[in-house]
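Please look over the model shown here before reading on. The report is meant to be read beside it.

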Amino acid sequence: MMASRALRGRSSLLRSVPSSATRAAVPLEARRRFSCSTRKMSSFYSSWEPEGPSVKTEIPGPKAKAEIAELNEVFDTRSLNMLTDYYKSAGNYIADPDGNILLDVYAQIASIPVGYNNPSLIKAAQSPQMIQGLINRPALGNFPPHDWADVLKAGILKVAPKGLNQVFTAMAGSDANETAYKAAFMYRRQQERGGAHVEFTEEEVSSAMLNQSPGASQNLSILSFKTGFHGRLFGSLSTTRSKPIHKLDIPAFDWPQATFPKLKYPLDQHVKENEAAEKAALEEVEHLIKNYHIPPCAVVVEPIQSEGGDNHASPAFFRGLREITKRNNVLLIVDEVQTGVGATGKFWAHEHWDLPTPPDMVTFSKKAQTAGYYFGNPELRPNKPYRQFNTWMGDPARALLFKGIIEEIEKFGLVERTAKVGEYLYGKLEQLGEKYPGQVENLRGKGMGTFIAFDSPKRDEFLKRAKGEGVNIGGSGERAVRLRPMLVFEEKHADQLVEALERVIKSLQ
C-alpha cells in the first residue's frame with residue numbers, strides 16, 4: 001500500500017508542475033518557475049521527474065508553517081531544514097506541503113543514493129524477503145536469518161573495499177565508528193596479552209567493573225584530526241572536532257588530535273605551500289603516536305572532512321598516513337560514512353589514494369542506507385562472543401535496500417556517470433567563479449565526482465536564498481557551500497543548479 005501511494009505521489013508531483021495556462025492565472029510574485037536549458041526528463045525512468053524546480057510560495061509556506069507548529073508541540077524542530085512531502089518527491093527533486101519542488105543537491109545530508117521514490121527500490125521494498133526483514137526484525141547476533149550470508153555476499157560484501165572481506169553491521173554512522181573503535185581497542189589489548197588464546201586475568205575482570213585499568217584500558221586512545229567529524233556517541237564524539245555545539249556538556253575522553261592539512265587554492269598555484277602543510281601534518285601525527293600520554297591504537301580519518309568544511313588532502317598525504325600507521329603498529333580507520341558509495345567518482349573515496357596496503361577498517365553509512373565497518377584481519381574479531389554485540393547489530397531490511405541500491409548503481413554505471421557529471425559541474429562552477437570574483441572562493445573537489453564545495457562570503461544567506469531560487473543545498477564548516485547530489489544527478493541538473501546559483505550570487509551583490 002505504501003509503495004502504491006508513493007507511485008501515486010510521483011504522478012501528483014508531475015501534475016503539480018503548472019502548465020503555461022495554469023501559471024498565467026497565478027500572480028507572478030506568488031510563484032517562480034524554473035526550467036533547465038536542456039528540456040528532457042530523467043535518463044533512467046520515464047515520467048519519474050519533473051522538468052525542473054517550481055517555487056510557488058516562500059519556504060516554508062503557509063501549510064508547512066502550520067504543520068511545523070503542530071510538530072513542534074511534540075518534537076524539537078529547531079534544526080529543521082525543510083518540511084518534506086515524500087510522496088511527491090521524485091528523483092533529484094524534493095517537495096514540500098505547499099507544492100514547492102526543489103532540485104535537491106543536499107540529499108538528506110548526502111544519504112539519498114539513487115533518487116526519491118526510485119522505482120526499483122519500491123519494487124525491492126515489496127519483496128517477500130523485505131517484508132520478512134521488516135515484520136520479523138531479527139536480533140542478528142543471536143537469531144540471524146538462514147539466508148543472512150547470502151544477503152551480505154550479494155549486497156554489502158559485494159562492494160567491499162579491496163582487501164577487506166568481512167563486515168560488522170551497525171545502525172548508523174556514529175555506531176559504525178564506535179564499534180570500529182572498540183575493535184581497535186580489543187585488538188591492541190589482545191596483542192599485548194600475547195594473543196586471542198590468553199585469558200583475562202582476575203584483576204582485569206574486577207577492575208573493568210569499576211571502570212578502572214587494567215580492565216577498562218584507560219591507557220589507550222584514538223587519534224583523530226582537527227575539524228573532523230565522526231559521530232555523536234561517546235567515543236565517536238570524542239573524535240569529533242568540527243563544532244563545539246556537538247560536544248558541549250558531554251564528558252569526553254582525553255584523546256589526541258592532529259592538524260588536518262589546510263590546503264590553499266587553486267592547488268596548482270600553491271604546490272610548495274600545500275606540500276609543506278601536509279608534511280607538517282604527518283610529522284605531527286607521528287609525534288602524537290609516539291609521545292601522547294595516552295597512546296593511540298588507531299587513527300581515524302575522513303577522505304574529505306565533510307562537516308568540518310569540506311577539507312581535502314592529496315593522495316600522497318594519505319599514503320604517508322598509511323605508512324606511519326603501519327610502521328608504528330597503529331590501525332588506520334577510514335571513515336567513509338559521507339564519502340562512500342560513489343559520490344567521489346569511485347565507489348570508495350580512498351580508492352583515489354592508491355594505497356600500498358588497504359586500511360584496517362572502513363566505516364560506512366548514509367548512501368548505503370545501512371551501516372557498519374569492513375575489515376580483513378580475522379584478529380579484529382574479538383576473542384570471545386558478546387564483546388562486539390547489541391540486540392539488532394544492523395537491520396536486514398536496510399541491508400536488502402543496499403543490495404537494491406548496488407544493483408541500480410551497476411545497472412546504470414552510476415559511479416562512472418558521477419565522475420563524468422562531476423567533471424562537467426566543476427567546469428561550470430569554475431566559469432561561475434571567474435565571472436563573479438570573490439563569490440565562489442576556494443573551489444575544491446576537482447576529480448572527485450560531484451563531491452564539490454566552495455566558500456561563500458555570505459554563506460548562510462546564500463543557502464537561504466537558494467531555496468527561493470529552487471535549490472535545496474547545504475553548508476559545512478564556517479563558510480563552505482557543499483554539494484551532495486545523488487548518483488542520478490545529470491548534466492541537465494548541473495545546468496539547473498548553476499543557473500540558480502548565478503541568480504543567488506546576483507541577488508547578494
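This is a predicted model: local features need pLDDT of at least 70, side-chain atom pairs count only at pLDDT 80 or more; totals for chains, interfaces and linings use all residues.

Residues are numbered from 1 along each chain as its sequence is written, and side-chain values use heavy atoms, with hydrogens and water left out.

**Sheet.** Helices (H or I, at least four residues) and strands (E, at least two) are DSSP runs, numbered from the N terminus. Two strands pair if DSSP finds at least two bridges between them. Seven strands form an open sheet with mixed pairing, in the order β5-β11-β10-β9-β8-β6-β7. Its edge strands, β5 (166-170) and β7 (257-258), each pair on one side only. Within the sheet, β8 (residues 296-301) and β9 (residues 331-335) run parallel and are joined by four bridges. Val-299 has Leu-332 of β9 as its bridge partner.

**Helix α13.** Residues 315-327 make up α13, a helix of 13 residues. From first C-alpha to last it reaches 18 Å, close to the 18 Å expected at 1.5 Å a residue; the expected span is 1.5 Å times one less than the number of residues. Buried means under 20% relative accessible area, exposed over 50%, and partly exposed in between (1.4 Å probe, protein chains only). The buried residues of α13 include Phe-317, Phe-318, Leu-321 and Ile-324. Its buried residues pack against β6 (221-225), α12 (271-291), β8 and β9, where contact means heavy atoms within 4.5 Å. Asn-329, which follows α13, has a positive phi, near 55°.

**Salt bridges.** A salt bridge is a side-chain nitrogen of Lys or Arg within 4 Å of a carboxyl oxygen of Asp or Glu. By this rule the count is 24.

| Pair | N to O distance |
|---|---|
| Glu-192 and Arg-189 | 2.7 Å |
| Lys-290 and Glu-286 | 3.5 Å |
| Glu-461 and Arg-465 | 2.7 Å |

Glu-192 and Arg-189 are three residues apart in α8 (residues 173-193), about one turn of the helix. Glu-192 is partly exposed at 44% relative accessibility, whereas Arg-189 is buried at 13%. Lys-290 and Glu-286 are separated by about one helical turn because they are four residues apart in α12. Lys-290 is exposed at 55%, and Glu-286 is buried at 15%. In α16 (residues 459-468), Glu-461 and Arg-465 lie four residues apart, about one turn of the helix. Salt bridges with shared partners join Arg-189, Glu-192, Arg-193 and Glu-204 into one network.
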